[in-house]
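Let's take a walk through a protein model together, with an eye on its aromatic side chains. Have your viewer ready.

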Amino acid sequence: MKKVYVTIEHTDGTIRDALRVHAADKIRASQIARNNSIPWEEGPQTHALLAYAAERRAMYTDAPDFDAWLDTVVDFELSAAAPGDPTAPTTA
């Protein structure tokens with residue numbers, strides 16, 4: 001099983017660091033994509049849907065929908081590295 005984490009920076013300066021993406025988030029994100037005719041393929045839009053679903057599940061956002069949530073996001077990143085993982089690659 002490959003664990004996925006998302007880090008999100010919001011326009012208000014809040015940074016959500018290494019929020020674990022759950023199976024329910026993946027399913028919810030794919031439902032949102034299907035309902036909005038968004039292709040489910042590897043890329044930033046799918047990653048953003050996963051981040052949105054994870055924040056909604058964790059109750060870290062009250063944005064009523066994906067577009068409203070996206071308006072509050074400066075940047076986001078998906079990662080397989082757990083917070084504090086000593087095996088995670090580092091930059092020189």
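Is tyrosine 52 buried or exposed? This is a predicted model, and in it tyrosine 52 has a relative accessible area of 6%. Residues under 20% count as buried, so tyrosine 52 belongs with the buried ones.

Helix H2 covers residues 44-57, and its 14 residues reach 20 Å from the first C-alpha to the last. That span is close to the 20 Å expected at 1.5 Å a residue.

Next, let's turn to the rings themselves. A pair of aromatic rings is described by the distance of the centres and the angle of the planes. Searching the whole structure turns up three aromatic pairs. In one of them, the ring centres of tyrosine 52 and phenylalanine 66 are 5.8 Å apart and the planes stand at 70°, so the pair is edge-to-face. Because tyrosine 52 lies in helix H2 and phenylalanine 66 in helix H3 (residues 66-70), this pair ties together parts that are 14 residues apart in sequence. Phenylalanine 66 counts as buried too, at 9% relative accessibility.

From phenylalanine 66, follow the next pair to tryptophan 69. Here the ring centres lie 6.1 Å apart and the planes meet at 25°, so phenylalanine 66 and tryptophan 69 are stacked. An α-helix has 3.6 residues a turn, so residues three or four places apart point the same way. Phenylalanine 66 and tryptophan 69 are three residues apart in helix H3, so about one helical turn separates them. Tryptophan 69 is buried, with a relative accessibility of 0%. Put together, the ring pairs join Tyr52, Phe66 and Trp69 into a cluster.

Finally, have a look at where charges meet rings. The charged end of arginine 16 sits over the ring of tyrosine 60, at 3.9 Å from its centre. Tyrosine 5 has arginine 20 over its face, 5.9 Å from the ring centre.

Notes. Residues are numbered from 1 along each chain as its sequence is written. This is a predicted model: local features need pLDDT of at least 70, side-chain atom pairs count only at pLDDT 80 or more; totals for chains, interfaces and linings use all residues. Side-chain values use heavy atoms; hydrogens and water are left out. Rings of Phe, Tyr and Trp (its six-membered ring) pair if their centres lie within 6.5 Å; planes under 30 degrees apart count as stacked, over 60 as edge-to-face and the rest as tilted. Helices (H or I, at least four residues) and strands (E, at least two) are DSSP runs, numbered from the N terminus. Buried means under 20% relative accessible area, exposed over 50%, partly exposed in between (1.4 Å probe, protein chains only). A charge sits over a ring if NZ of Lys or CZ of Arg is within 6 Å of the ring centre and within 35 degrees of the ring normal. The expected span of a helix is 1.5 Å times one less than its number of residues.
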